[in-house]
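Hi everyone, thanks for coming. Have a look at the sequence and the structure on the screen, and then I'll talk you through a few places in it.

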Amino acid sequence: MQVSTATATRDEAVTLAGGAVQQRLAAGAQIAGPVVSVYWHLGEYGTGEEWQLLLKTTKERYVELETYLLEQHPWDNPEVCAVPVVEGADRYLDWIRESVSRA
């Protein structure tokens, strides 16, 4: 699975990604930014710059990763979205599975 979230700063993104990888909730993470976001928040239209995180995990570890992100994220209601990886190189997908195994 590929899980996305966003933060206000690069340092927040690195901290979230680092914790997720160190705890083996994600095999790895990519951080891109700043990106421009356009949104509705608290009934108001807004724009801003954010740092996007893309984390790689398995379906089996998703709930734990989501819980970690929601507990550790500085925002009250952060984006946490997951999409399945439908296809991928076997060696890459094996790396993800091995990296997040509880062994």
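I'll go through pockets, a surface patch, salt bridges and a few backbone details.

First, some housekeeping. This is a predicted model, where local features need pLDDT of at least 70 and side-chain atom pairs count only at pLDDT 80 or more, while totals for chains, interfaces and linings use all residues. Residues are numbered from 1 along each chain as its sequence is written, and side-chain values use heavy atoms, with hydrogens and water left out.

Okay, pockets. Rolling a probe the size of a water molecule over the atoms shows where empty space is left. Here that is done on a 1 Å grid over the protein atoms alone: a pocket is an open set of points where a 1.4 Å probe fits, with protein on both sides within 12 Å along at least five of seven lines, and lining residues have an atom within 4 Å of a point. Grid points are joined across faces, edges and corners, and the volume is the space filled by probe spheres set on the points.

So how much space lies in the largest pocket? About 250 Å³. Its lining is Ser37, Val38, Tyr39, Trp40, His41, Gly48, Glu49, Glu50, Trp75 and Asn77. When I say strand or helix, I mean DSSP runs numbered from the N terminus: E with at least two residues for strands, H or I with at least four for helices. Strand 2 (28-41) and strand 3 (44-56) each give at least two residues to this lining, and strand 2 has the largest share, with 5 residues. Sorted by class, the lining has 4 nonpolar, 4 polar and 2 charged residues. For those classes, Ala, Val, Leu, Ile, Met, Phe, Trp, Tyr, Cys and Pro are nonpolar, Asp, Glu, Lys and Arg are charged, and the others, Gly among them, are polar.

The second largest pocket holds about 180 Å³ of space. Among its lining residues are Met1, Lys59, Pro84, Leu93 and Arg97. By class, that lining has 5 nonpolar, 2 polar and 3 charged residues. Keep Lys59 and Arg97 in mind: their C-alpha atoms are 9.7 Å apart, though 38 residues separate them along the chain. Lysine 59 lies in the loop between strand 3 and helix 2 (62-72).

Is lysine 59 buried or exposed? Exposed, because its relative accessible area is 67%. The cut-offs are under 20% for buried, over 50% for exposed, and partly exposed in between, using a 1.4 Å probe and protein chains only.

Back to strand 2 for the surface patch. Val36, Val38, Trp40 and Tyr45 make a nonpolar patch of about 540 Å², and strand 2 gives the most to it, with 3 residues. Patch residues need over 30% relative accessible area and no salt bridge, with nonpolar side chains (Val, Leu, Ile, Met, Phe, Trp, Tyr) joined within 5 Å and like charges within 9 Å. The areas come from the Shrake-Rupley method with a 1.4 Å probe, and for residues only the protein chains shown count as cover. Tryptophan 40 counts as exposed because its relative accessibility is 66%.

Next, salt bridges. Side chains of opposite charge can pair when their charged atoms come close. The rule here is a side-chain nitrogen of Lys or Arg within 4 Å of a carboxyl oxygen of Asp or Glu, and the count comes to 2.

One joins arginine 61 and glutamate 64, with 3.6 Å between the closest N and O atoms. Arginine 61 counts as buried, at 7% relative accessibility, whereas glutamate 64 counts as partly exposed, at 31%.

The other is between arginine 97 and aspartate 94, at 2.5 Å from N to O. Why are these two separated by about one helical turn? Because they are 3 residues apart in helix 3 (residues 90-99). Arginine 97 is partly exposed at 46%, and so is aspartate 94 at 32%.

Last, the backbone. The peptide bond from glycine 33 to proline 34 is cis, with omega near -5°, and proline 34 lies in strand 2. Leucine 42 isn't a glycine, yet it has a positive phi of about 50°. You'll find leucine 42 in the loop between strand 2 and strand 3, and it is exposed, with a relative accessible area of 76%. Arginine 24 also has a positive phi, near 60°, and sits in the loop between helix 1 (10-22) and strand 2.
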